[in-house]
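Visitor: Could you show me how to read strand pairing and a chain interface in a model like this one?
Guide: Gladly; let us look together.

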Amino acid sequence: MTGRLGRDRIAWRVGRDIPDGSFVNLGIGMPELVANHLPEGREIVFQSENGILGMGPRPEPGEEDEELVNAGKKLVTLLPGGSFFHHADSFAMIRGGHIDICVLGAFQVSRTGDLANWTTGMDALPGVGGAMDLVAGSKRVFVMTTHTTRNGDPKIVEECVLPLTGKGCVSTVYSDLAVVDFGPDGPVVREKLEDLDFDELQDRTGTPLRLANDWKPLEVPILD
Amino acid sequence: MMNKVVDSLEDAVADIHDGAVVHVGGFGMAGSPIDLLHALAERGARDLTIVSNNAGVGRVGIARLLAGGQVGRIVCSFPRQDNSTVIDDLHREGRIELELVPQGTLAERIRAAGAGIGGFYTPTSVGTPLAEGKEHRVFDGREHVLELPIHADFALVKAEKADRWGNLVYRKAQRNFGPPMCMAATTAVVQVRTVVELGELDPETVVTPSIFVDRVVAVPNPLSERELIAREGE
């Protein structure tokens, strides 16, 4: 099998599924890359849980402002039309079902869409941040991840053994091998790398998958 | 005459006593009241409970209080950051009590304290270790957990401008936990870059109304986390 997607190519694929006019929260780390790979012509507003709507890219040198950081505590900018608000309002947006899509990383996703992404259970010092609120309230939860861990263990599993972030909350997993939707019938492969046999994908997954009748090849351009 | 403006950082924190519960505004460096925190470190109150999103970096802000052994308990959503070695060490050595709270639940528990709400049910954390031991109840077919307000004796908050009544205007994402914390604390202490004349703030743009603020101190050139951390690295 060739052509396993890199981080930017997964981000590109996630970006295709974010409709024009969406309000989106991107998690810290790999999901932040989605902002660099949005389709032309779509107006998508990013929410940062520390009180920003209309968050823009990192500032030019000399334009940095310590009072303007993102959820990852990195310096960012505000786009025209953006706004600021306090934390209780920010999480009213999140918990109250006003965020269309959040994109998060994962340690494990179960076949019923449970997500474990905040602690390995072995951390000296765990941190939860806004992840539990985001998965409780966002209309759709996209997970962006490698299909297996560094050791080759599946991340899509029968049941999560790691502490949960939320139950039955994941809508879709975008991995380096496939796009998998989670619904009442368990995980369904919507797209997979064309030269990856379904059996091989199944081998790298810890729970039975179903291949959608109308499945498509996962095609992502080579990005710089 | 109502005048909440005090002359110095020292005066602003002078009555923060041993054992006090202190809400600390800020999210990372944005809105972090570093000058007030360092004044509190200087004052030396001990056995504090700190309620804040983060636990500080380097030896700056909350991390300075932690390093000085002044904090017995910390309530936060994300203590771990690059360079958060003080809380890492204290926690590993079992020298601090940590309560981890989902960020939105933390904000709402603080808001509830200020708004006179005795508790609230939220779907956040259901099915996770952070919901264990909490009362569960189903509303509209969905499971929720009961969360209780977090009151404070003091809030330490950073804003951009204030007048002598204590009306506040913030700058950019500095606002974060400031407004709910000012509501929730018995004594809300705010450092601002500028104190302006009464009537100068546009009432349409006041974010925290004066009634929620007890004390204001002008810090025209506040300490910068980035500069302090850079200096620690030298």
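Guide: Two strands count as paired if DSSP finds at least two bridges between them. Keep in mind that this is a predicted model. Here β3(A) and strand β4 (residues 77–84) of chain A run antiparallel, joined by 4 bridges. Within that pairing, Ile52(A) stands opposite Phe84(A).

Visitor: Which strand pairs with β3(A) over 2 bridges?
Guide: That is strand β2 (residues 45–48) of chain A, again in the antiparallel sense. Ser48(A) has Ile52(A) of β3(A) as its bridge partner. The two strands make a hairpin with 3 residues between them, and Gly51(A) in the turn has a positive phi of about 105°.

Visitor: How many residues of β3(A) are buried?
Guide: In a regular strand, side chains alternate between the two faces of the sheet. In strand β3 (residues 52–56) of chain A, 5 of 5 residues are buried.

Visitor: And how do I read the interface between chain A and chain B?
Guide: Interface size is often given as the accessible area lost when the parts come together. For chain A and chain B, the buried area is about 3,500 Å², with carbon and sulfur atoms giving 62% of it. The contact involves 37 residues of chain A and 48 residues of chain B.

Visitor: How many salt bridges does the rule find across this interface?
Guide: There are 3. One salt bridge links the side chains of Lys158(B) and Glu67(A), at 2.9 Å from N to O. On the side of chain A that touches chain B, α2 (87–95) and α3 (131–137) each supply at least two residues; α2(A) gives the most, with 4 residues.

Note on methods. Residues numbered from 1 in each chain as written. Chains lettered and ligands numbered in written order. Predicted model: local features only at pLDDT ≥ 70, side-chain atom pairs only at ≥ 80, totals over all residues. Heavy atoms only, no water. Buried < 20%, exposed > 50% of the residue type's maximum accessible area, 1.4 Å probe, protein only. Contact = heavy atoms within 4.5 Å. Buried area = accessible area lost by both parts, 1.4 Å probe. Salt bridge = Lys/Arg side-chain N within 4 Å of Asp/Glu carboxyl O.
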